[in-house]
Amino acid sequence: MLLFIAIYRRIDDYGVTETRFLVALLGIWMLINCLYFIISRKDDIRFIPGSLAVFALIWIVGNGPVSDNNQKTRLLAALQKAGRM
């Protein structure tokens, strides 16, 4: 829980960057793995690389647009607030 609070605080204060997106994505991946092993009756260890492959695809597809759009939006808002835009 503390990991998600820390990620939220950083993203809220400074915006989404590639590193913060990766940390948030890995936090979600770890949570899903923990819930799987708590709830599942089989506890099949093959779930770990399979779920990691899915999250790697999400990282590859979602990394650039999410952080770029967020940083551009924050920059434009700061420039407009300062009267430079």
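Trainee: How many residues does helix α2 have, and how far does it reach?
Mentor: Helix α2 covers residues 18-39, which is 22 residues, and reaches 31 Å from its first C-alpha to its last. That is close to the 32 Å expected at 1.5 Å a residue. The expected span is 1.5 Å times one less than the number of residues, and helices here are DSSP runs (H or I, at least four residues), numbered from the N terminus. Keep in mind that this is a predicted model: local features need pLDDT of at least 70, side-chain atom pairs count only at pLDDT 80 or more, and totals for chains, interfaces and linings use all residues. Residues are numbered from 1 along each chain as its sequence is written, and side-chain values use heavy atoms, with hydrogens and water left out.

Trainee: Which residues of α2 are buried?
Mentor: Phe21, Ala24, Leu25, Gly27, Trp29 and Asn33 are buried. Buried means under 20% relative accessible area, exposed over 50%, and partly exposed in between (1.4 Å probe, protein chains only).

Trainee: And what do they pack against?
Mentor: The buried residues of α2 pack against α1 (2-14) and α3 (47-82). Contact here means heavy atoms within 4.5 Å.

Trainee: What follows α1?
Mentor: Gly15 does, and its phi is positive, near 95°. α1 itself has 13 residues and reaches 18 Å, close to the 18 Å expected.

Trainee: New topic: how many aromatic pairs are there?
Mentor: A search of the whole structure finds three. Rings of Phe, Tyr and Trp (its six-membered ring) pair if their centres lie within 6.5 Å; planes under 30 degrees apart count as stacked, over 60 as edge-to-face and the rest as tilted. One of the pairs is Tyr36 with Phe37, edge-to-face at 5.1 Å centre to centre and 75° between the planes.

Trainee: Why does the pair of Tyr36 and Phe47 count as stacked?
Mentor: Because their ring centres are 4.0 Å apart and their planes are at 15°. This pair links distant parts of the chain, with Tyr36 in helix α2 and Phe47 in helix α3, 11 residues apart. Ring pairs link Tyr36, Phe37 and Phe47 into a cluster.

Trainee: Where is confidence lowest and where is it highest?
Mentor: It is lowest in α3, at a mean of 87, and highest in α1, at 93. The chain averages a pLDDT of 89, where pLDDT is the predictor's confidence in each residue, from 0 to 100.

Terms used. Helix = DSSP H or I, 4+ residues; strand = E, 2+ residues; numbered from the N terminus.
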